[in-house]
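Subject: Structure for your review

Dear colleague,

Please find below the structure that I am handing over to you. My findings follow it, arranged by topic.

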Amino acid sequence: MKNSRRTFIATAAAAGVAGPFAAHAETNPEGTPRLLLGPMMGAVTATSAPIWMQLSGDYFDAQVAYTTDPIAGPWKRTTPSRANAQDDCTLVIHLEDLQPDTTYHYRVLSNGKVDKYLRDLPPMSFRTAPAAPARFRVAFGSCARIQSDPEQPIWRALAMNRPDLFLWLGDNIYGDSTVPATLAMEYQRQRFVPSFQPIGRNIPQLAIWDDHDFALDNYDRTNPIRDKALEIFERYWANPAYGLPGTPGVFFDYGYGGVDFFMLDGRYHRAPDADPDTPDKEFLGKGQFEWLKARLLASKAPFKILACGSGWSRFKGPGGDSWSAYLHERQRLFDFIRDHKVSGVVLLSGDTHFPHVACAPQSEQGGYDLYDLVSSALAQMVAGSPMDLGKIAARMAPDQMIRQPLLGVNNAGIIDFDMTGKTPTLSFNVIDIRGKALYDPLTLRADELVNGVSSWRGKLGR
């Protein structure tokens with residue numbers, strides 16, 4: 001429910017700002033200080049929250065006023081910050097010393113006043129991460145092409161489903177260019193989509209990339225602007241980290257509610273798809289691969305989610321733009337998981353423009369079955385031609401299709417985690433633009449994802 005005029009005046013007074021309907025008398029020759037895009041939540045923790053924004057210039061101070069009680073206050077303010085024109089006047093403001101699992105309400109201030117073009121709206125809100133294992137909902141997706149779907153109704157469906165986190169798995173924009181300024185402009189266009197803004201302002205957003213936001217279709221480490229593309233990516237997201245010193249990339253890990261998420265970079269270090277698939281062919285690159293192994297060994301979480309823009313299964317066949325062209329490296333990773341008894345691994349991916357669930361039945365090699373949960377496309381002109389499922393099955397073997405591809409539907413993935421019981425569980429589905437669940441739910445228990453357990457036959461469904 002929207003705040004009334006009286007309630008809003010109370011919230012503005014509590015925040016210690018000028019009345020919301022008072023004129024903003026600005027004398028700056030550059031114009032009225034204000035937000036151009038955002039705010040957008042980043043990767044919250046139990047005690048902190050980053051908030052991304054793009055400002056109208058570098059000539060004024062920006063702050064965030066925040067509280068747990070938007071009526072009575074008290075409102076705290078962050079230290080004033082200024083954007084940098086070299087960064088497209090983007091800025092991330094960090095809120096610190098917060099309480100776990102708590103809803104905070106916030107406003108963006110420009111030169112100490114409520115932003116002119118947001119002052120008629122109620123305060124925005126977010127929730128910090130729980131400090132202990134919890135029940136929570138993660139939404140994810142890929143392929144948001146504003147060029148073919150500027151309205152993007154999937155965001156309204158996601159708002160109805162109330163996720164606690166949203167994971168972008170690549171092709172978050174269709175930059176399709178080796179001109180860095182074009183990539184930046186496409187990020188700006190996507191942030192301006194009205195249906196996305198309530199999700200962006202209130203739900204933490206974490207992101208990796210795929211080819212179309214890296215540069216051109218199917219691009220890899222030969223991309224001549226990969227360093228500039230990475231610089232621009234960092235400018236437009238509020239992730240907790242980007243790669244490692246000496247190993248550039250968008251990869252990072254992140255814990256929430258008892259689950260560890262490993263967000264992978266499938267482009268920066270990747271050899272060309274068409275190269276022969278020898279044991280030396282790289283997908284993650286040596287530095288990222290070693291980092292992932294170390295972080296998996298360090299994780300004590302019952303579920304370890306490995307998210308990648310490219311599909312994990314053999315669906316696209318040899319030379320396809322997916323892990324199917326890098327099967328030696330894929331098997332090295334799967335063997336590492338088995339040999340070091342790393343339990344609870346579940347795979348996420350996007351890219352394909354249709355949702356599905358695939359499985360690599362590693363239980364047949366002494367490990368356990370590794371499921372690839374796929375959601376695509378969020379916003380895209382999607383094809384509806386029939387598929388030859390027999391040919392797909394033959395190409396994928398020994399991988400298995402657990403939920404069949406759904407064609408011609410924009411969608412987002414939904415995962416409900418329950419980490420509070422003796423046996424943690426997750427349940428996966430996809431929703432369409434009406435918020436309707438499209439599959440029989442796929443439920444995985446942590447005790448099924450351990451060496452020696454075969455589960456995939458019992459998971460087949462519609």
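In which loop is the place of C143? C143 sits in the loop between β9 (135-141) and α2 (154-161). Please bear in mind throughout that this is a predicted model.

Backbone features

C143 has a phi near 65°, which is a positive value in a residue other than glycine. The residue is buried, and its relative accessible area is 1%; the cut-off for buried is under 20%. N111 also has a positive phi without being glycine, with a value near 50°. Its place is in the loop between β6 (103-110) and β7 (113-114). N111 is partly exposed, because its relative accessible area of 33% falls between the limits of 20% and 50%.

One joins G73 and P74, with omega at about -5°; P74 belongs to the loop between β3 (62-67) and β4 (76-77). Another joins S376 and A377, where omega is about 5°. A377 is found in the loop between β17 (369-374) and α9 (389-396).

Nonpolar cores

The largest nonpolar core comprises 127 residues, and F261 and F417 have the most contacts inside it. Setting aside residues up to four places away in sequence, F417 touches A134, R135, F136, V138, V259, F261, F303, I305, T425 and L426.

A buried glutamine

Q190 is part of helix α3 (residues 180-191). How is Q190 placed, buried or exposed? Q190 is buried, since its relative accessible area is 4% and the cut-off is under 20%. The side chain of Q190 makes a polar contact of 2.8 Å with the side chain of Q152. Apart from neighbours within four places in sequence, the residues in contact with Q190 are A144, I146, Q152, W155, W168, N172, I173 and F196.

Across the whole structure, the search finds 5 cavities of 30 Å³ or more. The largest cavity holds about 70 Å³ of space. Which residues line the largest cavity? They are G311, S313, F315, K316, S322, S349, D351, T352, H356, D372 and V374. This lining divides into 2 nonpolar, 6 polar and 3 charged residues.

Yours sincerely

Terms used. Residues numbered from 1 in each chain as written. Predicted model: local features only at pLDDT ≥ 70, side-chain atom pairs only at ≥ 80, totals over all residues. Heavy atoms only, no water. Core = buried A, V, L, I, M, F, W, Y, C linked by side-chain atoms within 4.5 Å. Buried < 20%, exposed > 50% of the residue type's maximum accessible area, 1.4 Å probe, protein only. Contact = heavy atoms within 4.5 Å. 1 Å grid on protein atoms, 1.4 Å probe; cavity = no way out; pocket = protein on both sides within 12 Å on 5 of 7 lines; lining within 4 Å. Points joined across faces, edges and corners; volume = space filled by probe spheres on them. Nonpolar A, V, L, I, M, F, W, Y, C, P; charged D, E, K, R; others polar. Helix = DSSP H or I, 4+ residues; strand = E, 2+ residues; numbered from the N terminus. Polar contact = N/O pair within 3.5 Å; in protein donor to acceptor, adjacent residues only side chain to side chain.
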